[in-house]
Structures are given as structure tokens and as C-alpha cells.
Amino acid sequence: MQRAFGLDVPDTVAEMCRPGAAAVLVYDAQAGILPHVKDGDSLVERIGRVLDAARAAEVPVFYCRHVSLPPTHLGVGALRTAMAWQRQDRADAVGSPFPPDAAQTAIVDELAPAPGEPVFDKLGMSALVGTPLEAALRDRGVTTLVLVGAVLEIGIEPTARHAADLGLLPVVVDDACGVVEESAAQRSLDSLEYSLMSYRATTAEVVAAFGAQARN
């Protein structure tokens with residue numbers, strides 16, 4: 001850890017995850033999303049390990065989930081996005097794949113929030129747009145956002161970029177982030193590394209860092 005200008009500046013991911021500095025975001029661990037990622041059972045197990053370690057170390061855990069508005073209330077941008085994702089040529093043919101109360105929108109039981117852990121609904125890709133997440137992190141003095149969930153190449157990458165632009169340290173736990181298309185996921189990781197604005201870690205590294213917190 002460095003000390004500069006009155007601030008503690010971490011050198012390593014373990015230092016980024018020090019007491020009072022880190023929070024975990026579980027991104028879109030939903031019943032309608034996780035079945036589409038590769039090696040889903042192992043992914044759930046690794047995410048669970050991160051959550052267990054975070055809770056033991058009293059690192060706050062937040063959730064986000066993707067929800068859909070009815071097509072009648074979508075704007076032009078949202079309609080064009082829905083057309084692209086649903087492979088539709090006409091705007092009046094799109095549906096609402098993730099209604100708030102639908103079974104596929106729910107967080108999977110294996111990764112259910114513990115009592116008191118908030119779940120923020122979002123309409124777009126960055127978990128920091130249109131949700132109270134940033135306000136909650138700022139209020140707790142969090143500087144490191146640890147990212148797990150799905151899908152790496154779709155929503156986790158833009159969330160990491162957004163977090164960095166807000167002055168946070170995004171830590172992508174790459175083996176606890178689900179992937180649909182491996183080549184696209186690798187491009188996302190390469191792009192994040194090229195920008196030098198985010199950090200990568202494994203489940204084992206983050207669990208060890210949180211474990212060190214719990215022992216202190």
C-alpha cells in the first residue's frame with residue numbers, strides 16, 4: 001500500500017479488497033440468463049465462494065438484475081435494441097423478455113441474496129445507470145467494486161468501464177463472470193486491460209483477500 005496526498009493507494013487486488021474499501025456486485029445472476037453461459041454449474045459455485053467470503057468478511061454485497069419494460073412503453077433506442085436482441089425486423093413484433101415478476105427474471109436460488117442485501121433493477125447494461133448503486137457505494141465510502149455474475153461480454157464490461165469513469169476501482173473476477181461467446185469475452189477482457197482502468201482477479205485471489213480481512 002502506498003500513501004500519497006493523504007490517501008492510501010493500493011498496489012494489489014488484495015489491498016483493493018481491504019476492510020471498508022470493497023463491495024461485491026452480483027450482476028444478472030438470473031434464471032433466464034445463467035442457463036446460456038458456458039459451464040454454468042461451476043460458475044455458480046465460484047460466485048458462491050466469493051459471496052461466502054465477502055459475507056464472512058462483512059464486505060457488502062449488492063445485486064442487480066435486468067428487467068424489461070412492456071413494448072408499449074419503450075422509446076426509440078430501446079425498441080431498436082429489442083429488435084436487435086430479439087432478431088426482429090419490426091418494432092411492433094418485439095416482446096418483453098424479463099418482466100419484473102417473471103420466473104426468468106428472478107435471481108437463481110443458489111445465489112439468492114442474504115437478508116438485507118439489496119437487488120437493484122436496471123433497464124440497460126451498466127449497473128450504474130438508473131439504479132441507486134452509485135449512491136449506495138459512495139455513502140459507504142467504497143472505492144473497489146468486485147464484479148461477478150453474467151454476462152462478461154455483454155453487461156459486466158460496460159459496468160466495469162462505467163465504474164472506472166466514476167473513480168472506482170473495478171475488479172473483474174474473470175472466472176466468476178459467465179461467458180456466452182468466448183471470443184467476444186476475450187475481446188472484452190483485452191479491451192479492459194488495454195485501457196488500464198480495471199483489474200482482473202481469480203475467485204481464489206478474491207476469496208483469499210476477503211479471508212485476510214476476516215482474520216484481521
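I looked up Phe62 and found it buried, at 6% relative accessibility, where buried means under 20% relative accessible area with a 1.4 Å probe and protein chains only. The model is a predicted one, in which local features need pLDDT of at least 70 and side-chain atom pairs count only at pLDDT 80 or more, while totals for chains, interfaces and linings use all residues. Residues are numbered from 1 along each chain as its sequence is written, and side-chain values use heavy atoms, with hydrogens and water left out.

I then searched the whole structure for aromatic pairs (ring centres within 6.5 Å, counted as stacked if the planes are under 30 degrees apart), and found 1. The pair joins Phe62 and Phe120 in a stacked arrangement, 6.2 Å centre to centre with 25° between the planes. Because Phe62 lies in strand S4 and Phe120 in strand S5 (residues 119-122), the pair ties together parts 58 residues apart in sequence; strands here are DSSP runs (E) of at least two residues. Phe120 is also buried, with a relative accessible area of 14%.

Next I turned to Thr144, which is placed in strand S6 (residues 144-150) and is buried with a relative accessible area of 0%. I noted that its side chain reaches the backbone oxygen of Met16 at 2.9 Å. Beyond its neighbours within four places in sequence, Thr144 is in contact (heavy atoms within 4.5 Å) with residues including Met16, Ala21, Leu169 and Val171.

Last, I checked Val24 under the same exclusion of neighbours within four places in sequence, and recorded contacts with, among them, Val50, Phe62, Val146 and Phe210.

How values were computed:
Helices (H or I, at least four residues) and strands (E, at least two) are DSSP runs, numbered from the N terminus. Buried means under 20% relative accessible area, exposed over 50%, partly exposed in between (1.4 Å probe, protein chains only). A polar contact is a pair of N or O atoms within 3.5 Å; within protein, one must be able to donate a hydrogen and the other to accept it, and residues adjacent in sequence count only if both atoms are side-chain atoms. Rings of Phe, Tyr and Trp (its six-membered ring) pair if their centres lie within 6.5 Å; planes under 30 degrees apart count as stacked, over 60 as edge-to-face and the rest as tilted.
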